[in-house]
Amino acid sequence: MSGRVKSYRSFLGKAYRRAGAVRTWEQFGDLVALKAIFPTRQGVDLFSEWLNEQHAWSPSLDEKEGSPSELKYQAKQFDLCADDITDSTGTPIKIEVQVRTAASDAWYVVDHRLQYKGMVELTSDLKRKLNRLIVLTELFDEEVDAVIKHQATLPEYAAARLYEGLIKLSESLSDGYVRTTRPEGLLELVLRAYTEREIDSVGANLQTFTERHRDALVEIITRHHHGSESFLEARDWIYYEPEALLIAERAAQKPALLRSAIDGSDFQPLIEPMIGVFQTLKKR
């Protein structure tokens, strides 16, 4: 994250920019402004959904989208405010958050510098050239989304999709703290504990398993995290990895298959004690 404080000249420029009128203090809606930039539209949409759910900040969304016949940059702009974030008069400060793709932001920065802050009014043909870049920006974002969506359907990416799901589930159990170091061979090793009939529904079954045992899983994982009395890095690091959820599910449901899969592997000394720990879930 980076930021800057506007100079008084910049502030005065904004106050007097409208011909024949001077903006009052109350009319400044972006005294604090942030940008959240994502490489894809999917990132923009996911972050926007999350931000829209933060009711304590009273989010108000303004979709910056042009009509079909209008060339205009795409963005989502949120106005946020909270009672405990105020100015010197005790008035809540409105915070503006602009959510864009990297491509959209690149166009916006150029347009802002040339048109909004430009010392010379652009000619109509130069404005047209500048606006035409929006088409390239939209095409770029759409093609990236198309590639990502197509990739997600390829069979060879099944393990990657499963791993992404494991990360999300693990984050929900550990306040967002998850290691994703991908220890070589660990995911593939644990997946051997699933039969061919089970392998296609691992993600869905794991979701159900996590929801059913959420409190117990949080309790166990917390006992093996940094700060706990019995924490030992050499032994407990594996509880931070997303694969720990697969180990938990197999240990609770089919420990014999898990023991068979890890037998003789380098991970056996680490996973074997975990089987006994997670087998307690079956009794809850």
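Modeller: Asp105 lies in helix α3, residues 102–116; helices here are DSSP runs of H or I, at least four residues long, numbered from the N terminus. The model is predicted: local features need pLDDT of at least 70 and side-chain atom pairs count only at pLDDT 80 or more, while totals for chains, interfaces and linings use all residues. Residues are numbered from 1 along each chain as its sequence is written, and side-chain values use heavy atoms, with hydrogens and water left out.

With a relative accessible area of 11%, Asp105 is buried (under 20%, 1.4 Å probe, protein chains only). Its side chain forms a polar contact of 3.0 Å with that of Lys35; such a contact is a pair of N or O atoms within 3.5 Å, and within protein one must be able to donate a hydrogen and the other to accept it, residues adjacent in sequence counting only if both atoms are side-chain atoms. Beyond its neighbours within four places in sequence, Asp105 is in contact (heavy atoms within 4.5 Å) with Lys35, Ile37 and Arg100.

Turning to the nonpolar cores, each is a set of buried Ala, Val, Leu, Ile, Met, Phe, Trp, Tyr and Cys residues joined through side-chain atoms within 4.5 Å. The largest has 41 residues, of which Ile238, Leu246, Leu258, Ile271 and Phe278 touch the most other members. Helix α11 provides the largest share of this core, 7 residues. Apart from it lies another core of 8 residues, including Ala36, Val44, Ile95 and Val99.

In α9, Ala216, Leu217, Ile220 and Ile221 are buried. Viewed down the axis of α9, its buried residues fall within an arc of 125°, so they line one face of the helix; the arc is that of the directions from the helix axis to the C-beta atoms. These buried residues of α9 pack against α5, α8, α11 and α13.

Terms used: Helix = DSSP H or I, 4+ residues; strand = E, 2+ residues; numbered from the N terminus. Buried < 20%, exposed > 50% of the residue type's maximum accessible area, 1.4 Å probe, protein only.
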